[in-house]
Amino acid sequence: MPYRILFITAEYAPLAKTGGLGDVSAALCQYLHAQGHDVRVFLPWYRDLNRAALTAPPVVLLEGLVLELGTYRYEYRVLVGTPSRSQQAVHFIDCPALFDRAGLYGHADEHRRFLLLTRAAFEVAQRMAFAPHILHCNDWHTAFAPLYLRTLYAWDRLFAATRSVLTIHNIGYQGAFWSDGVADLSLGDAQWMLHQDELRDGRINPMVHGILYADLINTVSPTYAQEIRTPEYGAGLDPYLRERGAAVCGILNGVDYQEWDPQHDRHLDQSYSAKDLSGKTRLKQQLASELSLSLGRGTLLFGIVSRLVSQKGIELLEAVLPEVLSQSDCGLVALGSGDARYEKFFTQLAADYPQRVHFTRGYSERLAHWIEAAADAFLMPSQYEPCGLNQLYSLRYGTVPLVRRTGGLADSVTPYNPATGQGDGLLFERYTPSALRAVLDEALALYGTPHWGRMIQNGMARDYAWETQGRLYVDAYRALVGPA
Ligand code: ADP
Ligand code: GLC
C-alpha cells in the first residue's frame, strides 16, 4: 500500500513560509508519512529558514555535488533534518550561491534558483536509488519537474514508472522569465517541447509547462478548479487547463489541527472550546489591552491576517472600512505586509481610529493565532482565493468568516440562514464595495443576538482535517499508478 513520493516545494512550515503553500506542504507530507508512505521532501536551505530547534547535518555521500544549468555551474550539498513536532524528514538543498540570501523570493535569477531545486531533487533521488511512484511538484517554482521527467531524466529506469502531479496553489504567480534564459533549462534536443509560441514572444512560463506535462493537475479547491478554466480567473492559462480536460481536478486543503485548535494552541495564553468560550472572551480583552485598544462589551472586533496584495480584496476594504468604522460600534486588528498602498491604508486607518484599530505591519506567528482567536469575525473579501486557510482556522476558532463566494471560500463557508439556524459564515457574491458593505452590515446586525452564537457553534463543529482531505490525494495517486 505505501507509495514512494518525491515532493518538491518552495515552502514548508514552520521552516519556510510566506503563505498557505508552507502550511499545506508540511501538513500534507506529515499526513502521508503518518499513513506509512515514503515521502522525500525537497526544500531550499534558505538563509532565512526558521532554524529554531532544527538540526540538519550534511549527508556524507551527498556533498560536493555539481549541477550545470546551461553555462552556470552550481555546487550544492544535501542536509537532512526533521522539524520539531514532526516525524517527516526534509532534504535541504544547500546551494549558497542561490539560496544564501535575504528573503525567500524576489531575486533576478529566480528561475535558476528553482530550476536548481527541481533538478537537484531528481539527481539526489538517483543517488539515493529512490524510485518514486509519484513526483509531486507545487506551483510555478517546481513546475518544470514533469517536463524533466519526460526529457532529461527519461533515460533512467529509476523513473520509468513515475507519474507526476502538479498542485496549483495560486495561478496568479507563474514565474515567467525571458527566453534568453532558455539554455538554463539544459533541455538540449528536447527544447522543442517548450511552448513554442511563448518562446517566440520571448518568454518562458514554468506554470504553463507544468500544466502541459503533468500527468495530473490539481488545485486546492473544487470551485477554483472550475474557475481557472475561465478567462476571468485563468490568468491567461485557462485554454491550457481546458485542453487538459479530466486531468485537472480540485482537492480542498485541510487544516493541521495540531497547530490550529483553540483547545491546545501553544501560541495562546488561554484555551477554549465550543462548550466554554470564556477563554475566547479573555483573549479578546487581553489583545485589546496589549494593543492599547478600548473596545466596549458590544464592540464587534474584525480580524485580518493576510498578504496585502490585490488578490485579497484589500481595495474593497479601502472603499468600505472607513465609513463602517465611523458609523458603527466595531474595531479591527490587522496583521500583514505587502503592497505599499495597502500598508499605508491600514496604517492610516489605525492613526484615524487609535482606540479601535490596530495594524501590525509584518509577520508574526503568535499574533496570527491570537487574532484568529480574539476576533469576532474574520475578513476575507478576496478577489480570488484558490483555497484560503484562514477561513478554515476561523471556523475552528469560533470567529465568524465574512468572505467573498469564490474558490475555496465558496467551498468551505456555508452561508448562515437566520430562518433555519444553519450555516457558519456570511458570504457576498459580487466583487464590489456595496456587496461587501452589505455583509458587514449583516454581521453588525447579527452580532449580540442568538444567531451569532449559532454561527459560532456551527463553525466550530466543522471538520477539515487532513485525515479526510489527504485521503483524496492518495486516491488521486492510486488513480495514476494503481495500487502500490
Ligand atoms: P495565501 O497562501 O494566499 O497567503 P492562505 O489563507 O492559504 O493564503 O494562507 C495564509 C497563511 O499565512 C495562513 O497560515 C496565515 O495565518 C499566514 N499568514 C499570512 N500573513 C501572515 C502574517 N503577516 N503573519 C503571520 N502569518 C501570516
Ligand atoms: C495559495 C492561495 C491560497 C491557498 C494556499 C495553499 O497561496 O492563495 O488560497 O490556500 O496557496 O494552497
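Predicted model: local features only at pLDDT ≥ 70, side-chain atom pairs only at ≥ 80, totals over all residues.
A polar contact is a pair of N or O atoms within 3.5 Å.

**Domains**

The chain is divided into domain 1, made of residues 4-254 + 467-481, and domain 2, made of residues 278-463. Taken over C-alpha atoms, the centres of domain 1 and domain 2 are 33 Å apart. Where the domains meet, 19 residues of domain 1 are in contact with 20 residues of domain 2.

**Ligand 1**

Ligand 1 is surrounded by 21 residues, and the closest are Gly-20, Asp-23, Arg-307, Lys-312 and Gly-362. An N or O atom in the side chain of Arg-307 lies 2.7 Å from an oxygen atom of ligand 1. Gly-362 takes part through its backbone, with a polar atom 2.7 Å from a nitrogen atom of the ligand. Of the 560 Å² of accessible area that ligand 1 has on its own, the protein covers 93%.

The shell around ligand 1 is built from several elements of the chain. At least two residues each come from α1, β12 (300-308), β13 (330-338) and α13 (390-396). The largest share, 3 residues, is supplied by β12. By class, the shell has 7 nonpolar, 9 polar and 5 charged residues. Domain 1 and domain 2 each give at least three residues to the shell around ligand 1.

**Ligand 2**

Around ligand 2 there are 14 residues, with His-169, Asn-253, Glu-385, Cys-387 and Gly-388 as the closest. A polar side-chain atom of Asn-253 is 2.9 Å from an oxygen atom of ligand 2, and one of Asn-170 is 3.3 Å from an oxygen atom of ligand 2. Gly-388 uses a backbone N or O atom, which lies 2.8 Å from an oxygen atom of the ligand. The protein covers 94% of the 310 Å² of accessible area that ligand 2 has on its own.

Helix α1 (residues 20-34) gives the largest share of the shell around ligand 2, namely 3 residues. The classes in this shell are 6 nonpolar, 6 polar and 2 charged residues. Domain 1 and domain 2 each supply at least three residues to the shell around ligand 2.

| Residue | Part of residue | Ligand atom | Distance |
|---|---|---|---|
| Gly-362 | backbone | nitrogen, ligand 1 | 2.7 Å |
| Asn-253 | side chain | oxygen, ligand 2 | 2.9 Å |
| Asn-170 | side chain | oxygen, ligand 2 | 3.3 Å |
| Gly-388 | backbone | oxygen, ligand 2 | 2.8 Å |

**His-141**

His-141 sits in the loop between β6 (134-138) and α4 (145-150). Is His-141 buried or exposed? Its relative accessible area is 9%, so His-141 is buried, since buried means under 20%. The side chains of His-141 and Trp-140 are joined by a polar contact of 3.3 Å. Apart from neighbours within four places in sequence, His-141 is in contact with Ala-10, Leu-21, Tyr-105, Phe-114 and Thr-118.

Definitions and conventions: Residues numbered from 1 in each chain as written. Chains lettered and ligands numbered in written order. Heavy atoms only, no water. Near = heavy atom within 4 Å. Polar contact = N/O pair within 3.5 Å; in protein donor to acceptor, adjacent residues only side chain to side chain. Areas by Shrake-Rupley, 256 points an atom, 1.4 Å probe, with all protein chains shown as cover. Helix = DSSP H or I, 4+ residues; strand = E, 2+ residues; numbered from the N terminus. Nonpolar A, V, L, I, M, F, W, Y, C, P; charged D, E, K, R; others polar. Domains from an automatic or database assignment. Buried < 20%, exposed > 50% of the residue type's maximum accessible area, 1.4 Å probe, protein only. Contact = heavy atoms within 4.5 Å.
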